[in-house]
Amino acid sequence: MNPFDDVNYLELDSAVRAGRVDAVDVAHEVGASAASLGVPLHEVLDRVERSFDGLEPSFAMVRGVAVAWAETSRVLQLETSCEDPLTQLSTVAHLRHSLDALYRGAIRDDTTVSDRHGLLVVELHRQSGHALESTLHAVDVSVALRTAFPGDEVIAHLTPRRFCVLADRDRLDQPTMNLVSILLRRTFESPPPRVWLELLPAAAQDVTWVVDALTG
């Protein structure tokens with residue numbers, strides 16, 4: 001079966017030829033559906049060009065297709081990966097898996113996770129902008145956190161504006177938190193990002209609530 005058959009190119013052709021005001025929205029839908037079906041971006045753009053019947057496609061149309069394709073592809077990749085290849089940040093699923101492993105190990109060793117580990121959380125203030133800008137902000141946060149935590153700590157992207165580091169408690173001291181704040185202030189203008197220490201619960205069944213609150 002040809003994956004092109006399930007991409008609504010006929011609707012795009014109609015929208016372009018009629019000069020409809022929603023043509024860019026249709027292009028966005030085409031880009032997203034093509035990505036979900038595994039159609040390469042260059043093939044999608046070639047097909048969009050044919051919709052213009054020899055004319056140059058508008059910038060807004062090309063951008064709408066490309067952005068939707070990239071956003072959908074990235075979401076699909078994250079669903080099957082433990083790390084975003086662009087930002088090098090762990091997914092929430094990977095963070096949960098790492099926490100589960102810590103709590104299982106604590107039960108086995110008769111120790112307490114909350115005594116030995118914690119979460120350093122970073123939250124950016126609300127900013128206007130599109131998905132690409134949010135991704136660039138995430139890259140900046142990733143660089144800052146990797147500088148402060150160069151070891152094997154789990155550094156995760158929780159929401160578009162929130163990030164965390166799962167680390168040993170002795171690495172989550174005030175000097176390290178100050179360093180993170182300084183590194184972030186070099187990139188983000190006032191008001192600076194919030195940085196705080198999130199304590200982990202003693203019981204394994206309660207850690208789900210902590211992660212849910214941070215990702216909500």
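Gly 38 follows helix α2 (residues 23-36) and has a positive phi, near 80°. Helices here are DSSP runs of H or I with at least four residues, strands are runs of E with at least two, and both are numbered from the N terminus. The model is predicted, so local features need pLDDT of at least 70 and side-chain atom pairs count only at pLDDT 80 or more, while totals for chains, interfaces and linings use all residues. Residues are numbered from 1 along each chain as its sequence is written, and side-chain values use heavy atoms, with hydrogens and water left out.

The expected span of a helix is 1.5 Å times one less than its number of residues. For the 14 residues of α2 this gives 20 Å, which agrees with the 20 Å between its end C-alpha atoms. Buried residues (under 20% relative accessible area; exposed is over 50%, partly exposed in between, with a 1.4 Å probe and protein chains only) in α2 include Ala 23, Val 26, Ala 27 and Val 30.

Ser 51 lies in helix α3 (residues 41-51). Its relative accessibility is 1%, so Ser 51 counts as buried. Leaving aside residues up to four places away in sequence, Ser 51 touches Leu 12, Asp 13, Val 16 and Arg 17, where contact means heavy atoms within 4.5 Å. From Ser 51 to Ser 134 the distance is 83 residues in sequence and 31 Å in space, C-alpha to C-alpha.

The strands come next. Two strands pair if DSSP finds at least two bridges between them. Strands β1 and β3 run antiparallel and are joined by seven bridges; Gly 118 has Ala 167 in β3 as its bridge partner. Strand β2 (residues 154-159) also pairs with β3 in the antiparallel sense, over five bridges, and His 157 is bridged to Phe 163 in β3. A hairpin of two residues connects β2 to β3. Six of the seven residues of β3 are buried, so this strand is largely enclosed by the rest of the structure.

A nonpolar core is a set of buried Ala, Val, Leu, Ile, Met, Phe, Trp, Tyr and Cys residues joined through side-chain atoms within 4.5 Å. The largest one has 20 residues, and Leu 120, Leu 145, Phe 149, Phe 163 and Val 180 touch the most other members. Two or more of its residues come from each of β1 (117-123), α7 (131-148), β3 (162-168) and α8 (174-185). Helix α7 gives the largest share, five residues. Among the residues that Leu 120 touches are Leu 145, Phe 163, Val 180 and Trp 196. A second, separate core has 18 residues, including Tyr 103, Val 154, Ala 156 and Leu 158.
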